[in-house]
Amino acid sequence: WTGRSAVMRWLLESCAADAGACNAFGCTPPMWSAQGAATVPDLELLRKHGAAFAAVNANGHSMLHKAAQRGRRDVCEWLLASAMRCEALGLSWRHAAP
């Protein structure tokens with residue numbers, strides 16, 4: 001989930017990795033990707049495989065929060081544009097809360 005696109009694709013498509021999984025703190029693959037080196041096409045791949053883009057972890061952080069915290073303007077713009085196009089990412093006011 002850290003920007004290794006070929007490995008992510010292989011895990012999702014060949015090994016049936018669960019894109020909707022989360023760890024004990026409620027962090028999801030999109031959250032890790034948003035704060036790492038993943039690209040927008042990587043995020044689109046996660047969405048295609050059922051990743052939880054609207055999740056909020058135990059600390060109250062969303063994917064948008066993680067992306068903004070790490071200065072990932074490209075990811076923030078993609079998330080907000082997707083929400084504006086009503087692409088069913090499930091984003092709400094909770095995802096923009098400080």
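Guide: Let us begin with a definition: a disulfide is a pair of cysteine sulfur atoms within 2.5 Å. The model shown here is predicted, and by that rule the count comes to zero disulfides.

Visitor: How do you know that Cys 22 is in no disulfide?

Guide: The nearest cysteine sulfur to that of Cys 22 belongs to Cys 27 and is 8.4 Å away. A disulfide requires the sulfur atoms to be within 2.5 Å, so Cys 22 is in no disulfide.

Visitor: Why is Cys 22 called exposed?

Guide: The relative accessibility of Cys 22 is 51%. Exposed means over 50%, so Cys 22 counts as exposed.

Visitor: What makes Cys 15 partly exposed?

Guide: Cys 15 has a relative accessible area of 38%.

Visitor: Which elements make up the fold of the protein chain?

Guide: From the N terminus on, the elements run α-α-α-α-α; the protein chain has five helices and zero strands. Of its 98 residues, 37% count as buried. Helix α3 (residues 40-48) contains buried residues, among them Val 40, Leu 43 and Leu 46.

Visitor: What makes the contact between the side chains of Glu 13 and Arg 9 a salt bridge?

Guide: The N to O distance between the side chains of Glu 13 and Arg 9 is 3.1 Å. A salt bridge requires a side-chain nitrogen of Lys or Arg within 4 Å of a carboxyl oxygen of Asp or Glu, so the pair qualifies. Both residues lie in helix α1, four residues apart, about one turn of the helix.

Visitor: Why is the pair of Lys 48 and Glu 13 called a salt bridge?

Guide: Here the N to O distance is 3.9 Å. The limit is within 4 Å, and therefore Lys 48 and Glu 13 form a salt bridge. This pair links distant parts of the chain, with Lys 48 in helix α3 and Glu 13 in helix α1, 35 residues apart.

Visitor: Is Lys 48 buried or exposed?

Guide: Lys 48 has a relative accessible area of 61%. Exposed means over 50%, so Lys 48 is exposed.

Visitor: Why is Arg 72 called buried?

Guide: Arg 72 has a relative accessible area of 13%. Buried means under 20%, so the label applies to Arg 72. The side chain of Arg 72 meets that of Asp 74 in a salt bridge (3.2 Å, N to O). Salt bridges that share partners also join Arg 9, Glu 13 and Lys 48 into one network. By the same rule, the count of salt bridges comes to four.

Visitor: Which residues form a nonpolar patch on the surface?

Guide: Val 7, Trp 10 and Leu 11 form that patch, with about 280 Å² of accessible area together. Val 7, found in helix α1, has 44% relative accessibility.

Key. Residues numbered from 1 in each chain as written. Predicted model: local features only at pLDDT ≥ 70, side-chain atom pairs only at ≥ 80, totals over all residues. Heavy atoms only, no water. Buried < 20%, exposed > 50% of the residue type's maximum accessible area, 1.4 Å probe, protein only. Helix = DSSP H or I, 4+ residues; strand = E, 2+ residues; numbered from the N terminus. Patch = residues over 30% accessible without salt bridge, like charges linked within 9 Å, V, L, I, M, F, W, Y side chains within 5 Å. Areas by Shrake-Rupley, 256 points an atom, 1.4 Å probe, with all protein chains shown as cover.
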